[in-house]
Amino acid sequence: MSSNTVEYGIGQTSYRAAGELPGLTRLVDSFYGFMETLPEAKIILSMHPSDLTASRKKLTYFLSGWLGGPKLYSEHFGSIIIPSAHRHLPIGTAERDAWILCMQKAAEQQPYKESFKVYLIEQLKVPAERIRAVCSA
């Protein structure tokens, strides 16, 4: 492995690659911006409250811990099992794909290394699919 290679998913490497809390906040703000504007995302936007303030904070805090940073979600909101938390929502393939599309577009706008952008989206596909599987069962 060269000295320029970063292994994401170890310690806080992913959290740091995402720009820590300020970087995750920018990512989430961009994500919700796409959710509010992309026609494909209308279906998932309708599952959210009209005021997205709490949703933005929860996603930012979740991503912080999920990427190896501070466990802000559990500190502020308690523990969460992501698929179970979404069980009440009608999430199928279209909803999963719309969520990933918004996150892909948001990641593209960030000053992340290309390798981290690819890693992030591939990793996010795992819980997105688990949520779809639980919600469409």
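Among the contacts in the protein between residues at least 6 apart in sequence, 70% join residues at least 24 apart, where contact means heavy atoms within 4.5 Å. This is a predicted model, in which local features need pLDDT of at least 70 and side-chain atom pairs count only at pLDDT 80 or more, while totals for chains, interfaces and linings use all residues. Residues are numbered from 1 along each chain as its sequence is written, and side-chain values use heavy atoms, with hydrogens and water left out.

View 1. Helices (H or I, at least four residues) and strands (E, at least two) are DSSP runs, numbered from the N terminus. Buried residues make up 39% of the 137 residues, where buried means under 20% relative accessible area, exposed over 50% and partly exposed in between (1.4 Å probe, protein chains only).

**View 2. Ser 14 is found in helix α1, which covers residues 13-17.** With a relative accessible area of 1%, Ser 14 is buried. Leaving aside neighbours within four places in sequence, Ser 14 is in contact with Tyr 8, Gly 9, Leu 67, Phe 116 and Tyr 119. For one of these residues, Gly 9, the backbone nitrogen lies 2.8 Å from a polar atom of the Ser 14 side chain.

**View 3. Glu 20 lies in helix α2, made up of residues 20-37.** The phi angle of Glu 20 is near 55 degrees, which is a positive value in a residue other than glycine. Glu 20 counts as partly exposed, because its relative accessibility is 36%.

**View 4. Ser 55 has its place in helix α4, which runs over residues 53-66.** At 14% relative accessibility, Ser 55 counts as buried. When its neighbours within four places in sequence are left aside, Ser 55 is in contact with Tyr 32, His 48 and Pro 49. The C-alpha atoms of Ser 55 and Arg 130, two residues that are 75 residues apart along the chain, are separated by 20 Å.

How values were computed
Polar contact = N/O pair within 3.5 Å; in protein donor to acceptor, adjacent residues only side chain to side chain.
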